[in-house]
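Visitor: I am new to this structure. Please pick one part and take me through it closely.

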Amino acid sequence: MQFHGDDKNGSGLVPSSRTPLLLHACCGPCSIEPVELLRREGFEPTICWTNPNIQPVAEHDRRLATLRAWAADVAHVDVIVAGDNRSAWETGVAPHGFDRAARCRACYALRLAEACRTARELGFTHISTTLAVSPYQLFETCGDVLAKTAAAYGLTPVWRDFRPYYPEATRTSRDLGMYRQNYCGCRFSAAEAAVERHEARDRRKAEREAAHAAASVAAAR
Ligand code: SF4
């Protein structure tokens, strides 16, 4: 039997027979649904923050502050800040550059290894990650990395497809006024997201111009 300082409804000290689980979190908005869904499933998540991929450091700190405020004020979930090994990210992940498949696999592996190490150190038996929320992540790759890393540390991976809850997480985080980033985290993803936004803007412009031209032709008949 465990006792937690608070529950989701803020009702004070409550006994819990839930299974403790360490939940690696990539950001506040992506943590909203997993915490709720894992609790419903019988787990009691503790959040583990280890994201040396997020650049620049000011952006990293902003995301962590957002997560901490939500965890303390809304979700009533503990947050553990684990390692932030930026040099390991630069030597193990950055050399993959714009090869996104290889880069993200290495990035997941680095972060989830630190989360699993932390879980073992603190006596958790179950591990999960909020990276299973965003449809922009490489879902199959991340699940594979979690399974392998958890096995290496003797942990049980709890891998769920949270992607159907992404729209709800988007709505809730907007309603709560949480900071929402527009790129995954690394400098490569910031450049890729900027290109995608430009391409989407160009597509919309071309569609508007085509519709305008069609309307002009129809009007001239
Ligand atoms: S896009 Fe995201 S998951 Fe992939 S390397 Fe960059 S920060 Fe890591």
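Guide: What follows is a close look at one helix and its surroundings. Keep in mind that this is a predicted model. The part is helix H4, residues 100–122. Start with its length. At 1.5 Å a residue, the 23 residues of H4 should span 33 Å. Just after H4 comes Gly123, with a positive phi of about 90°.

Now look at which side chains are covered. Buried residues in H4 include Arg103, Cys104, Cys107, Tyr108 and Arg111. Further along, Leu112, Glu114, Ala115, Cys116, Thr118 and Ala119 are buried too. An α-helix has 3.6 residues a turn, so residues three or four places apart point the same way.

Next, the nonpolar core. The largest one has 44 residues. Tyr108 is among the residues that touch the most other members, along with Leu38, Ile47, Leu67, Trp70 and Ile127. Several elements supply at least two residues each, among them strand E3, helix H1, helix H2 and H4. H4 gives the most to this core, with 6 residues. A second, separate core has 7 residues, and Cys107 is one of them, as are Val93, Ala94 and Cys186.

Last, the ligand. The space it takes is the largest pocket. Around the ligand stand Arg103, Cys104, Cys107, Tyr108 and Arg111, together with Asn53, Gln137, Cys184, Cys186 and Ser189. Here too H4 gives the most, with 5 residues in the shell around the ligand. Tyr108 links two of these themes: Tyr108 belongs to the largest core and also to the ligand's surroundings.

Conventions:
Residues numbered from 1 in each chain as written. Predicted model: local features only at pLDDT ≥ 70, side-chain atom pairs only at ≥ 80, totals over all residues. Heavy atoms only, no water. Helix = DSSP H or I, 4+ residues; strand = E, 2+ residues; numbered from the N terminus. Expected span 1.5 Å × (residues − 1). Buried < 20%, exposed > 50% of the residue type's maximum accessible area, 1.4 Å probe, protein only. Core = buried A, V, L, I, M, F, W, Y, C linked by side-chain atoms within 4.5 Å. Near = heavy atom within 4 Å. 1 Å grid on protein atoms, 1.4 Å probe; cavity = no way out; pocket = protein on both sides within 12 Å on 5 of 7 lines; lining within 4 Å. Sits in = over half its atoms within 2 Å of the grid points.
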